[in-house]
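Here's a quick tour of one model, covering a helix pair, a strand residue and a ligand site. Have the viewer open as you read.

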Amino acid sequence: MSPRPRFLGTAQICRQFTTSAGRHAPFVPGGFTWGNPIKCRDSSQPRAILFSYRHAFHAGNHADVLKHSVFVRVLDYFNRKDTPYWVVDTHAGAGIYDLTSEWAMQNGEFIDGLDRLLGADDMPVMIRRYLEEVQHFNPDGVANFYPGSPWLALRLLRDRDRLRLFEMHPSEAQVLKHNLAQQDKAATRQTLVYETDGFAGLRALLPPPTRRGVVIIDPSYESKADYRKTLLAMQEALRRFATGCYLVWYPLVQRREVTDMIRNLERLPNTQWLNVSLTVRKPSSDGFGLHGSGMFIVNPPWTLYGDLQAALPWLERKLAQDGHACHTLTQSTRPA
Ligand SMILES: C[S@@+](CC[C@H](N)C(=O)[O-])C[C@H]1O[C@@H](n2cnc3c(N)ncnc32)[C@H](O)[C@@H]1O
């Protein structure tokens, strides 16, 4: 294994983390492949089937790059105003990931994601901001740790803002809680972790008391029911908190459910939305794997479209795996 690539720029503060698959963690072969039909290994334990996704296998991949660049930019925008806000993350994962762990290195997905951006000096502002936040967790300049959405939020929230995290996988939730306990007092005071279903739990938190909020919905779509659940959760959330900013991540896989979900999200009544997708390679002939991903954003900051317009051609060039790489960027035309 060649040495991990370095960030450009200055070093910052370091903290110690446990990751869901550290170097000494038990090696779990496999990991989940998008488009792979969920196989029933033991029909007496259907819950176990739903829980094969672990984000450590995918941390820092091209989909994380797109998702987290958008997330950082949205939080930057929310931080422009002093009024406090809430971030609700319905599918939080473990929080932070060790890219040198066996799980992350099994497929090395970060090599065609984060790693391709490192060392570039001509990057658009959106990508620069994203890398600044990732670099914070790698103070020696070597890209060993990757912050997931909860850790990016913890970095960017101010003291009066609040973070609410849902994580249903018992082991991931345990790691998330452990890592959170290591944070400073302000972080633990402003954050709650719920080890329950984020789709169901979201509605109880809306609207947030501050009436300002960002909701990130980032399921693994391991079960195709997640597409329907995402749509239902959005419909219910908008009934309760119509002015919230919602970020829905989706995979580009060869499934009808993806296009159906996007079409239905676009039809949500009285909403302003922005839809961005990035394809990095030709879809595989067997229908497996993730050839790209997208973010559907409801009530986006007005600055986001321009940021994405500037960033996408650059990102497409950097992350392209073959000649089929492309991007799309569309937004609602109706006034809200
Ligand atoms: C794609 S990962 C999340 C990654 C994280 N949002 C990030 O960007 O760093 C999806 C996570 O959702 C968890 N999960 C699956 N179904 C869930 C549900 N119904 N409610 C809450 N968490 C769930 C999985 O265990 C997994 O850790």
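## Helix pair, strand residue, ligand shell

H2 and H12 run roughly antiparallel to each other, because the angle between them, about 160°, is over the 145 degrees that counts as the cut-off. Bear in mind that this is a predicted model. The axes of the two helices sit 12 Å apart, and H2 passes H12 in a right-handed crossing. On the H2 side, the contact is made by His62, Val65, Ser69, Arg73 and Val74, which meet Leu304, Asp307, Ala311 and Leu319 of H12. Sorted by class, that contact has five nonpolar, two polar and two charged residues.

| Helix | Residue range | Residues in the contact |
|---|---|---|
| H2 | residues 62–78 | His62, Val65, Ser69, Arg73, Val74 |
| H12 | residues 304–319 | Leu304, Asp307, Ala311, Leu319 |

Now for the strand. Val248 belongs to S7, which covers residues 245–252. Is Val248 buried or exposed? Val248 is buried, because 24 other C-beta atoms lie within 10 Å. Leaving out residues up to four places away in sequence, Val248 touches Ile217, Thr230, Met234, Leu265, Met295 and Phe296. Pro219 is 29 residues from Val248 in sequence, yet their C-alpha atoms are 8.6 Å apart.

Last stop, the ligand. How many residues surround the ligand? There are 21, and the closest are His91, Gly93, Gly148, Ser149 and His169. By class, this shell has six nonpolar, nine polar and six charged residues.

Key. Residues numbered from 1 in each chain as written. Predicted model: local features only at pLDDT ≥ 70, side-chain atom pairs only at ≥ 80, totals over all residues. Helix = DSSP H or I, 4+ residues; strand = E, 2+ residues; numbered from the N terminus. Buried ≥ 20, exposed ≤ 12 C-beta atoms within 10 Å, placed from the backbone. Contact = placed C-beta atoms within 7 Å. Near = placed C-beta within 6 Å. Nonpolar A, V, L, I, M, F, W, Y, C, P; charged D, E, K, R; others polar. Axes fitted to C-alpha atoms, helices over the stretch in contact; angles between N-to-C directions. Parallel < 35°, antiparallel > 145°, perpendicular 65-115°, else oblique. Left-handed = near helix turned anticlockwise from the far one by under 90°.
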